[in-house]
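This briefing is meant to be read alongside the sequence and the coordinates. Please keep both in view while working through the topics below.

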Amino acid sequence: MVAVSIDGLTKTFGRKRALNGVSLEIPAGEMVALIGASGSGKSTLIRHIAGLERGDAGCIAIHGREIQSAGRLSGEARDMRRSIGVIFQQFNLVDRLPVITNVLVGFLGQINRLRGTLGFFSRNEKHIAMRALHRVGICEQARQRASTLSGGQQQRAAIARALVQGARLMLADEPIASLDPASARRVMEILAGINKEDGMTVVVSLHQVEYARRYCPRTIAMKDGAVVYDGPSVALDTAFLKELYGEASDELILPDAPVSDQPRERPVVAIGSGAPALATA
Amino acid sequence: MTISNHASVPETIALPPKEFSRTLYAYVVWGGLALALLWSWAPAEMDRVTYLFSDSGNMVEYASGFLTPNFHDWDYYVQEMILTVQIALWGTVLSIFFGIPFAILSSSNVAPIWIVQPVRRLMDACRAINELVFAVLFVVAVGLGPFAGVMALFVHNLGIIAKLFSEAVEAIDPYPVEGIRATGASKLQEIIYGIIPQVAPLWISFSLYRFETNVRSATVLGVVGAGGIGQILFESIRGFYYGETAAILIIVVITVTVVDLLSQQLRKLAI
């Protein structure tokens, strides 16, 4: 079964071509990394797959059903979003609502519309939501407002919401870009766990190649809105990245990634020659 | 420690010149205000300002009438004041209840432009007409009494609430709403789970402020027969009962202050 199939997807923002004839297929149950420098089109591609953005040309099918084609969202797009869990770089939780409510929102697409609108969630649904929170390790914080959680915890709450949603495809748009290395690893491990245990297809866009190599067997590399590499992640060594991205490859190899444990050097900014060096993190 | 020990520093460092357009703008704004004040002087009969002092004897006599407030009928005044607050309460709550849907429909980040524009114009009309004018109209329609006052406050505040609330909606962070949309939620569910929690503190604050304002407004509705303390206030002024007028005014001031203090506390709790 094919989870995602994209054919000739093109998108222009103003004059900038954000996606340039992207075609790819992702079989169900795979864990795929989407890498590329900032502005290469990773996020745009993910937003198109989720049906949050409409392309100019080309079509996208999820589990064999078309979600958009030639710039038109399918009439079933809202319905299809249920089977697609999306997590975002900025978590996109509702800050003032408790964590549990943020997770219960995942049921909205599945239950009676009026009941969901009025917020009458059943005991069983609350139970499922708590199980999801337990799985990502934050069930103690269920009653707290989302804004009181740390970045890593918020991202895990967002994963719990996608789990409750009953999604079969998880799209993660730079889920660890604003997290510290320890939280980043935790989030990636949860995503890898969901992929292995539930057989959920996971597509995760990443800035750091190290994470792709460690957690995703397959990597799709993008540059200027086009796919420039699609194959096993292990083949992506530094030399090959240099070849693909030239100078921009520095951006993709960050010292805080999990495999390299050497002490990292901080960039040093000096003002004048006699001034003390200012270290910036 | 110096910033530079090799480059030579000039003795005086000139400030970059002011932007001409900004200077001009300041002259235009302040000059325009001065001109507008001059232009309005005669029509507003501002030259009569001397009357405040030339007949100071009369002023003192008038004012001294107020120095001995007459609280003989205080229970009647308090009763009418409570009625005034009750009118304000119903007017405010109705305008919030019906104002919320209009606010959502006049938010450009929620509704399409062909809904936003007509709804906004309708709300402008509600706002543009003073509550006293509405009170006169409703007195004719539903008869003398407090209900006309409630309806007047309701319609006028509907326009204000819709505008204030929709400004809050237009300033929300769109990403949490997208997070809700990505779960397959309906548009109404996006609003309830994504937008309302974000705007709730502002909405509560605006609502309490409108309630304060409505208590003040309701004190004059009685002038046109729409209930509340305004009626006896107006009667005692017209009858030259200075003592009674002073007593009523004191009760109004105390009530407004109490409402003000209470709503401040409520606001702190809610936010």
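The model is predicted, and the values given here are computed from it. Chain A contains nine helices and 13 strands, and 52% of its 281 residues count as buried.

**Chain A overall**
- Among the contacts in chain A that link residues at least 6 apart in sequence, 64% join residues at least 24 apart.

**An open sheet in chain A**
- Five strands of chain A make up an open sheet with antiparallel pairing, and their order across the sheet is S2-S1-S4-S5-S6.
- At the edges of this sheet stand strand S2 (16-27) and strand S6 (72-73) of chain A, each of which has a single partner strand, so one side of each is left without a neighbour in the sheet.
- Within the sheet, strand S4 (residues 57-62) and strand S5 (residues 65-69) of chain A pair in the antiparallel sense over four bridges, and A:Ala61 has A:Glu66, in S5(A), as its bridge partner.

**The cavity**
- The count of cavities of 30 Å³ or more comes to one, and the largest cavity holds about 30 Å³ of space.
- The lining of the largest cavity draws on both chains, with A:Gly85, A:Val86, A:Arg161, A:Ala162 and A:Gln165 from chain A, and B:Gly179, B:Ala182 and B:Thr183 from chain B.
- Strand S7 (84-87) and helix H6 (151-164) of chain A each contribute at least two residues to the lining of the largest cavity.
- By residue class, the lining of the largest cavity divides into three nonpolar, four polar and one charged.

**B:Arg216**
- B:Arg216 is located in helix H9 of chain B, which spans residues 187-221.
- With a relative accessible area of 34%, B:Arg216 is partly exposed, because that value falls between the 20% limit for buried and the 50% limit for exposed.
- When neighbours within four places in sequence are left aside, B:Arg216 is in contact with B:Tyr209, B:Val256 and B:Asp260.
- B:Arg216 and B:Ser95 are 121 residues apart along the chain, and a distance of 16 Å separates their C-alpha atoms.

Note on methods:
Residues numbered from 1 in each chain as written. Chains lettered and ligands numbered in written order. Predicted model: local features only at pLDDT ≥ 70, side-chain atom pairs only at ≥ 80, totals over all residues. Heavy atoms only, no water. Buried < 20%, exposed > 50% of the residue type's maximum accessible area, 1.4 Å probe, protein only. Contact = heavy atoms within 4.5 Å. 1 Å grid on protein atoms, 1.4 Å probe; cavity = no way out; pocket = protein on both sides within 12 Å on 5 of 7 lines; lining within 4 Å. Points joined across faces, edges and corners; volume = space filled by probe spheres on them. Nonpolar A, V, L, I, M, F, W, Y, C, P; charged D, E, K, R; others polar. Pairing = 2+ DSSP bridges.
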